Every structure is written in structure tokens, then in C-alpha cells.
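The following note concerns the surroundings of the ligand and the aromatic contacts of the chain.

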Amino acid sequence: MESQRNISLKPYNTFGIEAKANYFLKIKTVNELRSFLSNHAAQTPLLVLGGGSNLLFTRDFPGVVLKINIEGIQVIRKDNDYVWVKAGAGENWHQFVLYCIEKELGGIENLSLIPGTVGAAPMQNIGAYGVEIKDVFESLEAVEILTGKVHTFDNKACRFGYRESVFKLELKDQFIITSVVFKLSKTHQVNTSYGAIEATLQEKGIAQPTIRDVSDAVISVRQSKLPDPAVIGNAGSFFKNPVITASQYAHIQAEYENVPGYELPDGGVKVPAGWLIEKCGWKGKKIGEVGVHKMQALVLVNYGNAKGEDVKKLAFDILKSVTDKFNIELTPEVNLI
Ligand code: EPU
């Protein structure tokens with residue numbers, strides 16, 4: 001288990017940004033991780049990488065970058081209705097979704113084609129098309145950085161919220177997720193409530209979709225709207241969708257009758273950040289090597305040789321114009337390093 005020096009992180013982030021890691025180490029087992037931690041000086045900065053699909057490098061990383069490559073998928077329990085599947089943190093998320101579909105296990109088909117790894121998925125409670133990981137999440141194992149001890153977190157302990165978990169809040173930078181257990185259904189009721197998914201299934205004439213049909217529909221919707229990181233660097237949605245008050249929403253509605261919004265149980269309204277950004281005139285804009293995707297204004301892109309600072313500047317310019325026009329402050333969804 002040798003660490004490498006001065007490694008380019010460009011292949012390890014979907015934005016395709018050049019940045020160097022002082023030290024870089026691939027971790028294949030929990031024991032390797034624990035042995036690394038037992039020798040790791042607490043004052044040396046540590047960055048844990050999964051698929052690198054939700055971060056933006058704005059500088060070289062002065063400490064150790066750990067790439068978590070812990071693999072393995074196994075069924076650990078079954079009953080008449082459910083199957084509990086455990087997956088290593090380093091498994092590719094989409095490949096894991098396909099594995100479950102192959103085994104006819106339902107619950108994560110709406111999360112098809114999300115870039116990243118299994119271990120990173122609970123960090124931000126990934127979600128798409130009406131489903132979030134918390135809906136099928138049973139538990140995870142994580143190693144405490146300070147002590148090397150393995151802890152188990154159940155659904156409640158993870159404190160999942162919208163693109164949020166305890167690992168982004170109180171326990172930030174304290175644990176490294178090594179495996180996740182999902183409770184998947186053998187008799188799954190598919191969720192096709194999301195407009196674009198329903199429309200795609202209808203177009204194909206599918207009235208009673210299987211989990212594979214839903215996965216295929218999700219894949220085609222994503223491919224039509226979101227840039228493929230293998231072709232154009234990006235990290236998916238750059239900002240979270242903001243929640244505003246009902247009166248703020250009414251104020252926007254007075255000017256834009258068709259402003260989309262989803263009422264939440266607490267009375268707040270979630271407004272698509274993509275809509276706000278588009279209304280500020282950013283959609284499809286290209287500025288040097290960076291830009292705003294032409295099909296989805298919430299996605300910032302690297303056309304090839306952008307620096308992290310260029311993307312960050314664009315993000316802050318967008319943030320400022322949304323604040324100026326709508327008095328709504330967007331929060332980045334992507335982690336800035
Ligand atoms: N919209 C616009 N212009 C745009 C983009 C969106 O007007 O350029 C409006 C449209 O009214 C559209 C609505 O926003 O109907 C919603 O757009 P979309 O269905 O694309 O979803 P989103 O709210 O922009 C969220 C997630 C995505 C996820 C989709 C589908 C966040 C931050 N993003 O985007 O997640 O795939 O819903 O469920 O919640 C990601 O996290 O990286 C990600 C891609």
C-alpha cells in the first residue's frame with residue numbers, strides 16, 4: 001500500500017479539472033483503510049474521493065487524497081418481500097443499479113445513471129425523479145478517522161434530508177463510508193409520477209412498466225437533458241433547489257405566472273434553481289472554457305481546459321445575479337475544494 005506523489009486529479013473528478021494531490025492512495029479494503037489511518041498524522045489534510053462527481057477543485061490538494069475502491073456486492077438477508085444487499089463503497093453506482101435490476105430488485109431504478117460511487121451516495125442522499133436513497137437505505141458502515149473504529153449507522157442516524165446527511169453536517173470529515181446496505185423489494189411498485197418519466201413511458205406505449213422500463217426511461221431522460229461527464233466535464237446540478245416562503249413565491253408569480261414550484265408540508269415552496277438561472281439569462285452561455293449547459297441551466301460545464309477558479313467565478317456570478325433579480329440566495333450542491 002504505497003502512496004504516490006504529485007498525482008494529477010484530472011482523471012478522478014467528473015468536472016475534468018486539473019489539480020494535483022500531494023499524496024494519492026487507492027484503498028481496496030477496510031483493513032487497508034484502518035492501517036492507513038493508524039499511521040496518518042491528524043494535522044495532514046485528508047480528502048476522500050468516491051467517483052469525484054460532486055466536487056470542484058479550485059486548488060492543488062496539499063495533503064493525502066484517498067480513492068476508495070472497496071468492492072463487492074452480496075445479498076445478506078431475504079424474506080418474502082425484501083432482499084437486503086450490501087455493496088462496497090467503491091462500487092460504481094450505476095453498475096450497482098443495473099445489478100439490482102438484473103436480479104429484479106426494485107427501489108433504485110429511478111436513480112439510474114447517476115455518476116459516482118455507492119459510498120458517496122448516502123453522503124448527500126442522492127435523489128432523482130421522485131426517489132431518494134433514504135427510501136431504500138438500511139444502514140452503512142463507516143470508519144472513524146480519529147480512532148479507526150468501524151461504526152454502523154442506520155437510516156435514522158444518517159439524518160437524511162434534501163441532498164443532506166449527518167456526514168455533511170455534525171459528522172463532516174469524521175467518517176469514511178466503507179459499505180452500504182439497501183433494502184430492495186421483490187414486489188416493487190414503480191414510481192413514475194415524475195412528468196418526464198411518465199411522458200417517456202407513454203411515448204413508448206408502456207402502460208405497466210417493469211423496473212427495467214423505468215430505468216430505461218430515466219436513462220433516456222437524463223441523456224437528453226444532462227451532459228455526459230465523459231464527453232463534457234460537469235458535476236450534475238451545481239446548486240440546490242432553494243426553498244422560499246409562500247409570500248416570496250407569490251411575489252415571483254405576480255411577474256412570472258408560470259414559475260414552477262413544489263409546495264412542501266411546512267408551507268415553504270421549492271423552486272427549481274435551473275428556472276431562476278435561466279430567467280437570469282444564463283442558459284447556454286459560454287464564457288471561455290466554462291459555460292451553462294444548454295439543456296439544463298443548473299449544470300455548469302467545463303468545455304475542456306477550464307480551471308476550477310473559472311467555474312467558481314461563473315458560479316458566483318450566477319449566484320449574484322439570482323440574488324439581485326429574485327432576492328434568493330442559491331447554495332452550491334457541489335463541494336468546493
Ligand atoms: N427548469 C427550467 N430551466 C432549466 C432547468 C429546469 O426552467 O434550465 C425548470 C423546469 O420547469 C423543469 C423544472 O425546472 O420542469 C425541473 O427541472 P428538472 O426536472 O431538470 O429537475 P431539477 O429540479 O432542475 C433535480 C435534481 C437533479 C435530478 C432532477 C430530476 C437538484 C439540485 N437536482 O433537478 O439531480 O436529476 O431533479 O429529479 O435537486 C444532481 O443532483 O446532480 C441532479 C442532476
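Predicted model: local features only at pLDDT ≥ 70, side-chain atom pairs only at ≥ 80, totals over all residues.

1. Polar groups of the ligand face several side chains. A nitrogen atom of the ligand is 2.6 Å from an N or O atom in the side chain of Glu278. An oxygen atom of the ligand lies 2.7 Å from a polar side-chain atom of Tyr162, and the side chain of Lys225 has an N or O atom 3.5 Å from an oxygen atom of the ligand. On its own the ligand has 820 Å² of accessible area, of which the protein covers 81%.

2. Tyr162 also takes part in a contact with a charge: the charged end of Lys270 sits over the ring of Tyr162, 3.3 Å from the ring centre. In a further case, Lys285 lies over the face of Trp282, at 5.4 Å from the ring centre.

3. The structure holds 15 aromatic pairs. One of them joins Tyr12 and Phe24, with 4.6 Å from centre to centre and 35° between the planes, a tilted arrangement. Tyr12 is in the loop between β1 (4-8) and β2 (20-27), while Phe24 is in strand β2, twelve residues apart, and the pair links distant parts of the chain. Phe24 has a relative accessible area of 0% and is therefore buried.

4. Why is the pair of Tyr129 and Tyr194 described as edge-to-face? The ring planes of Tyr129 and Tyr194 stand at 90°, with the centres 5.0 Å apart, so the pair is edge-to-face; the class requires planes over 60 degrees apart. This pair too links distant parts of the chain, 65 residues apart: Tyr129 is in the loop between β8 (127-128) and β9 (131-132), and Tyr194 is in the loop between β12 (175-185) and α3 (195-203).

5. Tyr194, at 38%, counts as partly exposed.

6. Finally, ring pairs link Phe15, Phe238 and Phe239 into a cluster.

Technical notes. Residues numbered from 1 in each chain as written. Heavy atoms only, no water. Polar contact = N/O pair within 3.5 Å; in protein donor to acceptor, adjacent residues only side chain to side chain. Areas by Shrake-Rupley, 256 points an atom, 1.4 Å probe, with all protein chains shown as cover. Phe/Tyr/Trp six-rings, centres within 6.5 Å; stacked < 30°, edge-to-face > 60°. Helix = DSSP H or I, 4+ residues; strand = E, 2+ residues; numbered from the N terminus. Buried < 20%, exposed > 50% of the residue type's maximum accessible area, 1.4 Å probe, protein only. Lys NZ or Arg CZ within 6 Å of the ring centre and 35° of its normal.
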